[in-house]
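Hello,

Here is the structure I promised to pass on.

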Amino acid sequence: MTIRSTRRAALAGLASFLVAPCVGRAAVSPLRELTLWGPPAGPSITVAHAAATGMLAEVADKVTFKAWRNPDELRAGLTSGTLAASVMPTASAANLFNRGLGVRLLNVMTDGLLHVIATDPTLDRIEKLRGKTIAIPFRNDTPEFALARLLKALDMVPGRDLTVETTGTPIEAIQMVASGRIDAALVPEPAASAAIVRAAAMGKTVVRAMDFQVEWARLTGNPPDLPQAGMAVTDAFLKANPDHVERLHQALAKATAEVLAAPAKAAGSAASVLELPWPVIEKAIPHSRLVCTRASTARASLERLFTTVAEYQPSVIGGRLPDAGFYL
């Protein structure tokens, strides 16, 4: 499914957002069309809302938002050149940059949206997962490495102290929890909210037992924020459209503020593209820690995340911290 916006539909509501051209430079016209991508997770609510409400009219006359369903689909689009701008895990963006694949981080769009859902509300600390089975969506992605880092801090070993299973999508993980096949799942919003709502409809109880960001701070000594995902752009797109990239960031900053102020409206914008009921998305927004921070401004926070995760597996970020060129 797609969400489209046209310049015509947006002009009336964008008077305050129109930016005068810089002195000495010609006005830059919007692109004819642009496809933005993102995962079925919190930051994509912001992008979908921006597209649906015309906030991206100064970027392109026609904007299409598409959801990628797994990291392999994302990486394939980037390496083939068919994907120019996407919300993605910040660690994945760093990995691609360090491997010379021409990806740069424009901004951070969430300071952490991971939650452990369970039928048992007492599973509120990582050490309480001893003897339990927990599922994680996607293999070799940020949640897997972040959990591994916290398990290491507690000298907990998968296969010995607990069982860690990998699923293909967050939906598969929440179905396993709701059905009682496993004890818990580490999932992003809005999957956590979807689990709670769907379980209730089945007469069962699933809760956000653990705020993973709080556990991250407790066990690593870092602040309780995980700059987990943001908008990344390819070098080719940035080189060809620097003004449009800047406009994209500014539009997303405005959209973030509106999403936080009016969750119900934003949920209506994003429901179809994320293929989730709007009440689920509305419930997810307050738990998604949505932000829109320039990557260069968030560099210190990003480097804390990259360094801490790389203590477990350096290859997650491509073997080293990305240099200044990564942070737009």
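There are five aromatic pairs in this predicted model. Rings of Phe, Tyr and Trp (its six-membered ring) pair if their centres lie within 6.5 Å; planes under 30 degrees apart are stacked, over 60 edge-to-face, the rest tilted. One of the pairs is Phe97 with Phe326: tilted, 5.3 Å centre to centre, 55° between the planes. Phe97 sits in helix H4 (residues 90-98) and Phe326 in the segment after helix H13 (299-310), so this pair ties together parts 229 residues apart in sequence. Helices (H or I, at least four residues) and strands (E, at least two) are DSSP runs, numbered from the N terminus.

Phe326 is buried at 0% relative accessibility. Phe97 is buried too, at 13%. Buried means under 20% relative accessible area (1.4 Å probe, protein chains only). Phe326 also pairs with Tyr327: centres 5.0 Å apart, planes at 80°, so edge-to-face. Ring pairs link Phe97, Phe306, Phe326 and Tyr327 into a cluster.

Now the sheet. Five strands form an open sheet in the order S9-S8-S10-S7-S11, with mixed pairing. Strands pair if DSSP finds at least two bridges between them. S9 (163-167) and S11 (207-211) are at the edges with a single partner strand each, so one side of each has no neighbour in the sheet. S7 (residues 114-118) pairs antiparallel with S11 over four bridges. Val116 stands opposite Met210 in S11.

Residues are numbered from 1 along each chain as its sequence is written. Local features need pLDDT of at least 70, side-chain atom pairs 80 or more, while totals for chains, interfaces and linings use all residues; side-chain values use heavy atoms, without hydrogens and water.

Best wishes

Key. Buried means under 20% relative accessible area, exposed over 50%, partly exposed in between (1.4 Å probe, protein chains only).
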